[in-house]
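Reader: I'm new to this one and would like to see how the descriptions are reached. Could you show it to me and then take my questions?

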Amino acid sequence: MSSKLFTPGKIGTLSLNNRLIRSATQDPFGQPDGTANEAQITLHKEIAGSGVPLIITAYTYISPDGRATDIQVGFCNEEHYQSQKKVLDAVHEQCGKMILQINHAGQNVYFMPNLEDPTPLAPSGNMKAPNGLMTREITKEDMDRLCNDYVAAAVKGKELGFDGVQLHCAHGYLLNQFMDPNYNKREDEFGGSAENRFRFIRRILIAMREALGKEYPIIVKMNTNCAGEADDAYGEDLIYFCKQFEELGVDAIELSGFDWIAQGKQKNHNYYMQRAKAVRAAVNIPLIFVGGVRTQADIETALGAGMDFISMSRPFISQPDLIKHLAAGEDSRCQSCSKCFVLWEREGRRCVLHDKPEEKA
Ligand SMILES: Cc1cc2nc3c(=O)[nH]c(=O)nc-3n(C[C@H](O)[C@H](O)[C@H](O)COP(=O)(O)O)c2cc1C
């Protein structure tokens, strides 16, 4: 049993009584209007009630054109705010803390949005989105509007009582697309060098910090790698990006990657550890390690390598009361098959290996 896992830790001004975090996980509970249903409240109550000190919400879309799927919950109108507030209140009632994850899908739109102009916005134009549409390159006017949307969502989250905000810069969505050379083909001051690819993210973080004040926790979720040949250079850029986060007053970085589904299918564990160690050597702010942490030994290795917090997603789908199992010295039973990830659209969330359909439909 890990000793450090059950010791208190801090992310900026946020005090947590142990080191386990439920990483952002899209639930199958979003309604067509972007609000959540009661099942989202029940699930979060269960996770927080079991003793997980911090839950990061599912990615919420900050503007209607930033919605990735039709079951995603939003955070850009009054109905969305009130809906997420109910989830937040349920977590607070259980003495848990909750961080709002804010996102714009950019190119990665997986459904056909019901918008006057459904063209996906992305750092570069003429790229094929998953829904088959071609992207339009983001203009500087779009950037002004999007920066305002990110800040407005973060400020609203603070007003509602969220314990912090997480800016989603990972997993192929808009801000990750700016940093990842596979997506960003721009030739202006927002493309090319690492400094240029970071320019838009930098602007958003400066505006967020100014609007939220010095004390309010800001976390970034970041890809430690990218696909293909660009990955070697990306590994160096990663250090620059993370140092920038630290300089800009980010309180913690959650270290993820583009290929967590594929890594899981290969039954790999702790797959972003090598890059995470390089980040650890470069920055002093807290690091949250995510991706394939399953066993007591995995937790020990990550904490022993200087990671401050462990976050997990699929293990909580399999066992919402995971923390009790870990405290009893057990490993997570999740095998990272990721069938939970594809199944939700048809049947709702459940652990395919362990739950019968009727138990969690
Ligand atoms: C069903 C499902 C939904 C997810 N939704 C999100 C999300 O909304 N935002 C996000 O940053 N990551 C999301 N992820 C990724 C997880 O937060 C995590 O980074 C990834 O699953 C690796 O952690 P794990 O090995 O503990 O599952 C999701 C993962 C799963 C399985």
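Reader: What covers the buried residues of helix 9?

Author: The cover includes helix 8 (273-282), strand 12 (287-290) and strand 13 (309-312). Here helices (H or I, at least four residues) and strands (E, at least two) are DSSP runs, numbered from the N terminus. Before we go on, this is a predicted model: local features need pLDDT of at least 70, side-chain atom pairs count only at pLDDT 80 or more, and totals for chains, interfaces and linings use all residues. Residues are numbered from 1 along each chain as its sequence is written.

Reader: Which residues of helix 9 are buried?

Author: In helix 9 (residues 296-304), they are Asp-298, Ile-299, Ala-302 and Leu-303. Buried means that 20 or more other C-beta atoms, placed from the backbone, lie within 10 Å of the residue's own; 12 or fewer makes it exposed, and anything in between partly exposed.

Reader: What puts them on the same side of helix 9?

Author: They cover an arc of only 125° around the axis, so they sit on the same side of helix 9. That arc is taken from the directions from the helix axis to the C-beta atoms. As background, an α-helix has 3.6 residues a turn, so residues three or four places apart point the same way. After helix 9 comes Gly-306, with a positive phi near 100°.

Reader: Why does Asn-126 count as exposed?

Author: Asn-126 has 10 C-beta neighbours inside 10 Å, so it counts as exposed. You'll find Asn-126 in the loop between strand 7 (121-122) and strand 8 (136-137). Its phi is positive, about 60°, although Asn-126 is not a glycine.

Reader: And what makes Ser-336 count as buried or exposed?

Author: Ser-336 has 24 C-beta neighbours inside 10 Å, so it's buried. Ser-336 is in the loop between helix 11 (322-327) and helix 12, and has a positive phi of about 60° without being a glycine.

Reader: Why is Ile-206 called partly exposed?

Author: Ile-206 has 14 other C-beta atoms within 10 Å, so it gets the in-between label. Ile-206 belongs to helix 5. Its C-alpha atom is 6.7 Å from that of Leu-248, 42 residues apart along the chain.

Reader: Which residues have the most contacts inside the largest nonpolar core?

Author: Ile-253, Leu-255, Phe-289 and Ile-310, in a core of 96 residues. Helix 5 (residues 194-212) gives the most to this core, with 6 residues. A nonpolar core is a set of buried Ala, Val, Leu, Ile, Met, Phe, Trp, Tyr and Cys residues joined through C-beta atoms within 7 Å. Leaving out residues up to four places away in sequence, Phe-289 touches Leu-255, Ala-276, Ala-302, Met-307 and Ile-310. Touching, or being in contact, means C-beta atoms placed from the backbone lie within 7 Å.

Reader: How do you know that the protein chain agrees with a compact globule?

Author: With 361 residues, a compact globule would have a radius of gyration near 21 Å, and the protein chain has 19 Å, so the two agree. The radius is taken over C-alpha atoms, and the globule rule is 2.2 Å times the number of residues to the power 0.38. Buried residues make up 50% of the 361 residues.

Reader: Which residues are closest to the ligand?

Author: Ser-23, Ala-24, Tyr-59, Ser-313 and Arg-314, among 25 residues that surround the ligand. A residue counts as near if its C-beta atom, placed from the backbone, lies within 6 Å of the molecule. Helix 7 (260-265), helix 10 (314-318) and helix 12 (339-347) each supply at least two residues of that shell.

Definitions and conventions: Two residues are in contact if their C-beta atoms, placed from the backbone, lie within 7 Å.
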